[in-house]
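Hi,

Here is the structure I promised to pass on.

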Amino acid sequence: MFVDTHVHLWDRRDRDLGYGWLDGDGFPYGDLVAVRAPRFSVPELRAEGRLAGLTKVVHMNAAFDAADPVAETAWLQQLSDETGWPNAAVVTCDLAARDAAEQLGRHARHAVFRGVREMGPATRFADPAFRRGYAALGRAGGLFLHTVGWQDAGLALDLVRAHPEVTFVLDQAGMPQDRSPQTWTAWTGMLRALAAEPNTLCKVSSLGMVEPGWTPQSRRPWVLACIEAFGSRRVFLGTNWPVERLYSSYTDVVEAYRTAVSELTATEQCDVLAGTAERVFRI
């Protein structure tokens, strides 16, 4: 089985939702024309994932321009009720906003809600207003996801240590921006530092975005480094689909993950491919 913890669904015809990032030319990792369809929803995802053993799906926020961020959560809940997918959702909420706690309460009324993905810079972590919202997220039982680059590891560690009651997920494996030895050294140092804190997890996804010509062999050490640092019970996988369609097929990505973990024990393979995600996201 494979549980995908990083997919994006959308319906650009719904005026209550907003996907400006799909329309502009500013996407830094390629030309989005290949994924710029009016709709990418459950039928399309099932068609692409059916040969890869895809069983469950966690949605990552995508409607960043919605006037009300809860509108996307409500839409995802409707999809889940009608189709069974997504099984869970990580949503948009400005944790520094005055109404952050109220927003979280409205998100949490939907059964798919599991946490918040922050898209702003890690410098926000030191803002007292952000910290209040972060604490409210912990009280709501939500996960917090952020793609912390190795340069900002100290900011993340300070946040994690100040709020041990909140589970912090290193999103997209920290998105190492190149494959140089210098980046490897700095990035793996960040992994070890964050993994030393008990309230942290790691989601491996989006590795193709900075290595369009990747192969299973080139991807393998970056996947295994996360598992070595965090352990198989604290790592889960995602495809960043359909954005990573720019660089590969869905089956290519999942089979590369299976190749990467093929020398782990059977229990560790089950953890990383499905079990940890099922436990963490309660699906």
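**Loops, helix packing and cores**

Q172 sits in the loop between β8 (168–170) and α7 (181–195); helices (H or I, at least four residues) and strands (E, at least two) are DSSP runs, numbered from the N terminus. Before I go on, residues are numbered from 1 along each chain as its sequence is written, and side-chain values use heavy atoms, with hydrogens and water left out. Also, this is a predicted model: local features need pLDDT of at least 70, side-chain atom pairs count only at pLDDT 80 or more, and totals for chains, interfaces and linings use all residues.

Q172 is not a glycine, yet its phi is positive, about 55°. Q172 is also buried, at 9% relative accessible area (buried means under 20%, exposed over 50%, partly exposed in between, with a 1.4 Å probe and protein chains only). M175 lies in the loop between β8 and α7 too, and has a positive phi near 45° without being glycine. Its relative accessible area is 10%, so M175 is buried.

There are also two cis peptide bonds to look at. One joins W85 and P86, with omega about -5°, and P86 belongs to the loop between α3 (70–83) and β5 (88–91). The other runs from W241 to P242, with omega near 10°; P242 is in the loop between β10 (235–237) and α9. As background, most residues other than glycine have a negative phi, and most peptide bonds are trans.

Now the helix pairs. Two packed helices are described by the angle between their axes and the distance between the axes. Axes here are lines fitted to C-alpha atoms, for helices over the stretch in contact, and angles run from 0 to 180 degrees between N-to-C directions.

How do α4 and α5 cross? The axes of α4 (residues 100–108) and α5 (residues 128–139) come within 9 Å, at roughly 25°. That makes the two helices roughly parallel (under 35 degrees; over 145 is roughly antiparallel, 65 to 115 roughly perpendicular, and the rest oblique). The crossing of α4 and α5 is right-handed, a term used if the near helix is turned clockwise from the far one by less than a right angle, with anticlockwise being left-handed. A100, A101 and L104 of α4 meet G133, A136 and L137 of α5, contact meaning heavy atoms within 4.5 Å. By class, that is five nonpolar, one polar and no charged residues (Ala, Val, Leu, Ile, Met, Phe, Trp, Tyr, Cys and Pro count as nonpolar, Asp, Glu, Lys and Arg as charged, and the others, Gly among them, as polar).

α5 also packs on α6 (residues 153–162), at about 50° and with the axes 11 Å apart, so this pair is oblique. The α5 and α6 crossing is right-handed. F130, R131 and Y134 of α5 make the contact with D158, L159 and A162 of α6, giving four nonpolar, no polar and two charged residues.

For α7 and α8, the angle is about 30° and the axes are 8 Å apart, so they are roughly parallel. This crossing, too, is right-handed. On the α7 side the contact residues include W184, W187 and L191, and on the α8 side W222, C226 and F230 are among them. The class count is eleven nonpolar, one polar and one charged residues.

On to the cores, each a set of buried Ala, Val, Leu, Ile, Met, Phe, Trp, Tyr and Cys residues joined through side-chain atoms within 4.5 Å. The largest has 81 residues, and those with the most contacts inside it are L45, L95, F125, F144, F168 and V204. Helix α8 (residues 216–230) supplies the largest share of this core, seven residues. A second, separate core has 14 residues, including M60, A88, L145 and F281.

E211 is in the loop between β9 (200–204) and α8. E211 is buried at 16% relative accessible area and touches R179 and S218, not counting residues up to four places away in sequence. A256 is in helix α9 (residues 250–260) and is buried, at 1% relative accessibility. Leaving aside neighbours within four places in sequence, A256 is in contact with W214, P216 and R219. The C-alpha atoms of A256 and R220 are 7.5 Å apart, although 36 residues separate them along the chain.

Cheers
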